[in-house]
Amino acid sequence: MSDGGGTVKSVVVTFFPMAIAVLSLVTSIYNGWLNNKFVGIIQGNVGRVEYMRTCKEIIDAYFLVKVRIGLLADAAHGAPVGADLGRERAEAEVAVAKFAALGTYLANLRDEAIRARYTELSRRLEALVRERGGAADAATRFQAADTIFAELNADCVRSAKDMPL
């Protein structure tokens with residue numbers, strides 16, 4: 001009788017720690033899997049936040065370009081032909097360059113069609129800086145650029161929302 005109890009005790013003493021070790025191993029593997037998923041979620045979220053921040057910056061840059069070109073048009077409207085508008089033109093060109101840089105960054109994360117649209121918009125804005133027009137016709141001058149910008153802005157938001165977590 002004592003032999004039967006000793007065998008059970010021997011089996012329990014031998015296999016109980018092994019069962020705990022196996023459960024510990026399974027728990028450790030599951031914890032590693034969860035940590036890996038968590039890191040993936042965080043990395044995806046960081047990418048999405050960075051993309052959305054750049055979308056916001058390019059919106060700011062576009063409207064700064066519009067303001068700078070408007071100020072350039074106002075200065076040109078009251079100035080005699082051949083007047084020096086260097087400062088206003090330089091500020092407008094810097095605003096366009098910032099927009100183009102942000103557009104290039106966003107375009108590098110997208111396909112060739114979007115890249116072409118950002119390039120087209122940047123070139124249109126550069127042309128608007130070189131044009132000599134009054135503030136009154138600014139809405140007409142910006143109509144094509146506004147249409148392209150609206151499409152790109154919608155794509156920017158859609159792309160950020162579609163990014164995997």
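Cys 55 counts as buried, with a relative accessibility of 3%, and Cys 156 is buried too, at 1% (buried is under 20% relative accessible area, exposed over 50% and partly exposed in between, with a 1.4 Å probe and protein chains only). The model here is predicted, so local features need pLDDT of at least 70 and side-chain atom pairs count only at pLDDT 80 or more, while totals for chains, interfaces and linings use all residues. Numbering starts from 1 along each chain as its sequence is written, and side-chain values use heavy atoms, leaving out hydrogens and water.

The two cysteines form a disulfide, with sulfur atoms 1.6 Å apart (the cut-off for a pair of cysteine sulfur atoms is within 2.5 Å). The link is left-handed, at -90° about the S-S bond. Cys 55 sits in helix H1 (residues 2–78) and Cys 156 in helix H5, so the bond ties together parts 101 residues apart in sequence.

As for the overall fold, the protein has five helices and zero strands (DSSP runs numbered from the N terminus, H or I of at least four residues for helices, E of at least two for strands). Of its 165 residues, 25% are buried. Among contacts with a separation of 6 or more, 77% join residues 24 or more positions apart (contact means heavy atoms within 4.5 Å).

H5 (residues 143–162) also packs against H3 (residues 112–130), at an angle of about 145° and with axes 10 Å apart (lines fitted to C-alpha atoms over the stretch in contact, with angles from 0 to 180 degrees between N-to-C directions). Residues meeting there include Leu 121 and Leu 125 in H3 and Ile 148 and Phe 149 in H5.
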